[in-house]
Amino acid sequence: SKTMLCRHTWIWHIINITNKPLDEVSYMLDGDVPKDFANLRVSVKDGNNHKLKIKSINANKPLHKEFIVQLQKKLRPKQKTILKLEYDWEEPERYFFYQLSTDCKKITYQLTAPKRLEIKPRVLKVDPTTGFKSLAKASPTVQYLKDKTIVLWSSSGIKAFDAYRFDW
């Protein structure tokens with residue numbers, strides 16, 4: 001429905017490609033429904049399932065949020081870690097837009113929906129400058145299970161600032 005909350009879960013396998021240790025990570029979130037940061041139920045955990053502290057909220061506009069998360073331990077150059085971001089935000093038009101901020105070796109998008117919800121999945125590549133949309137090279141796959149529907153889409157070799165729209 002138009003008012004149904006969507007639980008977003010992002011899992012990043014990241015590596016520090018800088019020459020200095022990192023102790024924080026910044027996030028930007030945008031949504032289609034005005035929300036206060038406190039109502040998003042934001043949670044960030046590391047690979048050991050430790051909840052990380054939100055160090056600062058730099059933007060709390062109705063449709064745009066920016067915040068910084070303090071890492072549990074400094075991430076040394078070439079060191080890898082896993083971060084898991086979860087939050088709730090409605091998607092009344094039933095699509096999700098994502099623009100990558102860095103190069104990405106592989107991305108996997110998974111949507112899990114209740115079986116009763118009719119979905120029409122497709123993935124569009126979006127030119128962020130012009131807004132032109134075209135079907136992504138790979139199509140999503142759909143699994144219809146007893147109690148839910150799962151949509152999966154993967155791609156590799158994504159460049160910084162590439163953008164995709166996931167319709168559901």
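Q: Which residue stands opposite Thr149 in strand 12?
A: Tyr144 stands opposite Thr149 there. A strand is a DSSP run of E at least two residues long, numbered from the N terminus. This is a predicted model: local features need pLDDT of at least 70 and side-chain atom pairs count only at pLDDT 80 or more, while totals for chains, interfaces and linings use all residues. Residues are numbered from 1 along each chain as its sequence is written, and side-chain values use heavy atoms, with hydrogens and water left out.

Q: Why do strand 11 and strand 12 count as a pair?
A: Pairing requires that DSSP finds at least two bridges between the strands.

Q: Why is the contact of Asp88 with Arg7 called a salt bridge?
A: The term needs a side-chain nitrogen of Lys or Arg within 4 Å of a carboxyl oxygen of Asp or Glu. The closest N and O atoms of Asp88 and Arg7 are 2.9 Å apart, so the pair qualifies. Asp88 is in strand 6 and Arg7 in strand 1 (residues 5-15), 81 residues apart. Arg7, Arg41, Glu86 and Asp88 are linked in a network of salt bridges.

Q: What makes Lys120 and Glu118 a salt bridge, and are the two residues buried or exposed?
A: Their side chains meet at 3.9 Å, N to O, which means that the distance passes the limit. Lys120, at 61%, is exposed, and Glu118, at 59%, is exposed. The structure holds 9 salt bridges.

Q: Which parts of the chain does the salt bridge of Glu24 with Lys55 tie together?
A: In this salt bridge the closest N and O atoms are 2.6 Å apart. Glu24 lies in strand 2 (residues 22-30) and Lys55 in strand 4 (residues 53-60), so parts 31 residues apart in sequence are tied together.

Q: What makes a space a cavity, and what makes it a pocket?
A: On a 1 Å grid over the protein atoms alone, a cavity is a set of points where a 1.4 Å probe fits but cannot get out, and a pocket is an open set with protein on both sides within 12 Å along at least five of seven lines. Lining residues have an atom within 4 Å of a point. The count is 1 cavity of 30 Å³ or more, and the largest cavity has a volume of about 40 Å³. The second largest pocket holds about 230 Å³.

Q: How many residues line the second largest pocket, and which strand gives the most?
A: The lining has 14 residues, and strand 5 gives the most, with 5 residues.

Methods. Points joined across faces, edges and corners; volume = space filled by probe spheres on them. Helix = DSSP H or I, 4+ residues; strand = E, 2+ residues; numbered from the N terminus. Buried < 20%, exposed > 50% of the residue type's maximum accessible area, 1.4 Å probe, protein only.
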